Amino acid sequence: MTEAMTIRNAVHCRDCASLISPTANTCPRCGGRQNIATGGLGATTPSGKNRVVAALLALFLGGFGVHKFYLGRIGWGIVYLIFCWTFVPALIALIEAIVYLTMSEEQFETKYG
């Protein structure tokens, strides 16, 4: 009975397709990292970055490059700070906020995780 319950609740590994626990961070068979984020507002990448937080930072403080510093793009953050008086970084950040909100969690994790 418990074995049937385990199989029913199990999910497939993203790398090797073996049955694993739905809460497993890594596959015990192949060691592949699993995406345990549900895609909600609180979903974060393994490095702790959140897509919605990045979008809000880009929307409200993007002219100063705060979202770039948050995402670990320090060089681009400095460029945004240098040119913040031109308001060009603010316009670019507005576009980036829209991009962050429209990309999937998997795309965000791949690019910034």
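User: What are we looking at, and how are residues numbered?

Analyst: A predicted model: local features need pLDDT of at least 70, side-chain atom pairs count only at pLDDT 80 or more, and totals for chains, interfaces and linings use all residues. Residues are numbered from 1 along each chain as its sequence is written, and side-chain values use heavy atoms, with hydrogens and water left out.

User: How do the axes of α2 and α5 cross?

Analyst: They come within 8 Å and cross at roughly 165°. Axes are lines fitted to C-alpha atoms, for helices over the stretch in contact, with angles from 0 to 180 degrees between N-to-C directions. Helix α5 spans residues 88–102. Helices (H or I, at least four residues) and strands (E, at least two) are DSSP runs, numbered from the N terminus.

User: Roughly parallel or antiparallel?

Analyst: α2 is roughly antiparallel to α5. The cut-offs: under 35 degrees is roughly parallel, over 145 roughly antiparallel, 65 to 115 roughly perpendicular, the rest oblique.

User: Which residues make the contact?

Analyst: From α2, Arg51, Ala54, Ala55, Ala58 and Leu59. From α5, Ala93, Leu94, Ala97, Tyr100, Leu101 and Thr102. Contact means heavy atoms within 4.5 Å.

User: Tyr100 is in that list. Which aromatic cluster is it part of?

Analyst: Tyr100 forms one cluster with Phe108 and Tyr112. The structure holds 3 aromatic pairs. The Tyr100 and Phe108 ring centres are 6.3 Å apart with planes at 80°, so that pair is edge-to-face. Phe108 and Tyr112 are tilted, at 5.1 Å centre to centre and 45° between the planes. Rings of Phe, Tyr and Trp (its six-membered ring) pair if their centres lie within 6.5 Å; planes under 30 degrees apart are stacked, over 60 edge-to-face, the rest tilted.

User: How many residues separate Phe108 and Tyr112?

Analyst: They are 4 residues apart in helix α6 (residues 105–112), so about one helical turn separates them.

User: New topic. Where is Gly31?

Analyst: Gly31 is in the loop between β2 (19–20) and α2 (51–61). At 46% relative accessibility, Gly31 is partly exposed.

User: How far is Gly31 from Cys13?

Analyst: They are 18 residues apart in sequence and 9.5 Å apart in space, C-alpha to C-alpha.

Key
Buried means under 20% relative accessible area, exposed over 50%, partly exposed in between (1.4 Å probe, protein chains only).
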